[in-house]
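I opened this entry to keep track of what I looked up and in what order.

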Amino acid sequence: MAVTGVVLTGGGARAAYQVGVLRAIADMYPDWEHPFQVIVGTSAGAINAMAIAGSRGLFRHNIDHLEKVWSGLTMDKVFRADPISMVRNVTSIARRVLLRPSQGGPVSFLDSRPLRRLLEKELDFDRVRETLAAGHIDAVGLNACGYASGRNICFFEGRATLEAWSQGQRAGKPTELTVDHVMASSAIPTLFPPVAMDSEYFGDGVTRQMAHISPALRLGAGKVLVIGVSANAMCPPKPRKQTSTPAISQVLAQVFNGMFLDTLEYDIEHARTINRLLELIPEDRRREANLDLYPVEILEISPSEPIDELAASHMAALPPLVRALTGEAESVANGGANLASYLLFESRFCRELIELGYRDGQAHANQVQRFFQPD
């Protein structure tokens, strides 16, 4: 029987959507305790990954708690964006760029220390290790990008038989996971500060993540549920004419979309193409050729509605300076709401995303049932 894995991608506040999908699965299987044996998270998905990895008792009870945390979020629980704090950070960035590049100090616009306090309160790393030791799950991995080496590393904790790997700019390293790994994985470039670990500073795991599914396979998964945060598959972007110079919020929105959304879509498409090609090659011929590839069942569940359009009605909840950074007066087309959707850690917006995820999870009920059926 194939080992079941889940991949939870990044996207800042958009990751609340994943909780809704997981809630739908928990309601479909109310008596299950550990539906996933391999759990991999990136960016804000790393927070959700550690939360479900530490499940004790019924899976739905764990999702209950995770849903309460996201539904009760306010931005001051995630980052500081008061005028004094932001001016201090911007001044420090300018000083490092213009005067003393090697000087210490903030290299981000926002202060994420509130998020660290929240994670220290809500995540139980000892419980994760108990779950692993009991054999309820095989592995949990968190992706982060090293700013010195440029490598994307999956820091993982799991069965003793799991080995480290290194392939180009991608690597896997066994370690004892801590809140530092979660903070590093979710440190959105330029917005949240990097985290020092292993003699290097690490930031958001999507920064150089081109193979989102690969770490789950390396950790033993034979089939993978991928919960994305982009509606591009269901609602492809429409071409728009533009006569004026793009706003900075529009440029940043496309940079973030390229990191958080596009690479995942490419990776899923690439995996499915390999699956189709392998179907054409008999298994004995693959063994003769020493072709270390095998078909991987992939179920993707992604938003059925554009998240930036949902975010547009919540722009007023952003602190004034953050609202100005994201493009306070910009339309959805010009990127303001798109960029804001990554930072809208606000209860009403998160609840809307959870509800959307729940509806989409229910809409995929037949695919979910087939996914969890024994081979």
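This is a predicted model: local features need pLDDT of at least 70, side-chain atom pairs count only at pLDDT 80 or more; totals for chains, interfaces and linings use all residues.

**Thr 42**

Setting aside neighbours within four places in sequence, I found Thr 42 in contact with Leu 8, Thr 9, Gly 10, Asn 143, Ser 185, Asp 204, Gly 205, Val 206 and Gln 209. I placed Thr 42 in strand β2, which covers residues 38-42. Is Thr 42 buried or exposed? Its relative accessible area is 3%, and the cut-off for buried is under 20%, so I noted Thr 42 as buried. I then looked for a polar partner and found that the side chain of Thr 42 makes a polar contact of 2.8 Å with the side chain of Asn 143. Asn 143 is also on the contact list of Thr 42.

**Helix α6**

I went to helix α6, residues 125-133, and asked which of its residues are buried. I listed Phe 125, Val 128, Thr 131 and Leu 132 as buried there. Viewed down the axis of α6, the buried residues fall within an arc of 115 degrees, so I recorded them as lining one face of the helix. On the face turned away from the buried side I found the exposed residues Asp 126 and Ala 133.

What covers the buried residues of α6? I noted that the cover includes α2 (44-53), β3 (139-146), β4 (152-158) and α7 (179-185).

I checked both ends of the helix. At the start of α6, a side-chain oxygen of Asp 124 comes to within 3.2 Å of the backbone nitrogen of Asp 126. Just after α6, Gly 135 has a positive phi of about 80 degrees.

**Salt bridges**

I took Asp 27 and Arg 23 to start with; their side chains form a salt bridge at 3.2 Å, N to O. Both residues sit in helix α1 (residues 16-28), four residues apart, which is about one turn of the helix. Asp 27 has 37% relative accessibility and is therefore partly exposed.

My next pair was Glu 300 and Arg 272, with a side-chain salt bridge of 3.9 Å, N to O. This pair links distant parts of the chain: Glu 300 is in strand β10 (residues 297-301) and Arg 272 is in helix α9 (residues 248-279), 28 residues apart. Glu 300, at 18% relative accessibility, counts as buried because the cut-off is under 20%. Arg 272 has a relative accessible area of 31% and is partly exposed.

I then turned to Glu 305 and Arg 359, whose side chains meet in a salt bridge of 3.4 Å, N to O. This pair too links distant parts of the chain, 54 residues apart: I found Glu 305 in the loop between β10 and α11 (307-312), and Arg 359 in helix α14 (residues 347-363). Glu 305 is partly exposed at a relative accessible area of 32%. Arg 359 is partly exposed at 41% relative accessibility.

My last check was for shared partners. Salt bridges that share partners join Arg 23, Asp 27, Asp 64 and Glu 67 into one network.

Technical notes:
Residues are numbered from 1 along each chain as its sequence is written. Side-chain values use heavy atoms; hydrogens and water are left out. A salt bridge is a side-chain nitrogen of Lys or Arg within 4 Å of a carboxyl oxygen of Asp or Glu. Helices (H or I, at least four residues) and strands (E, at least two) are DSSP runs, numbered from the N terminus. Buried means under 20% relative accessible area, exposed over 50%, partly exposed in between (1.4 Å probe, protein chains only). A polar contact is a pair of N or O atoms within 3.5 Å; within protein, one must be able to donate a hydrogen and the other to accept it, and residues adjacent in sequence count only if both atoms are side-chain atoms. Contact means heavy atoms within 4.5 Å. The arc is that of the directions from the helix axis to the C-beta atoms.
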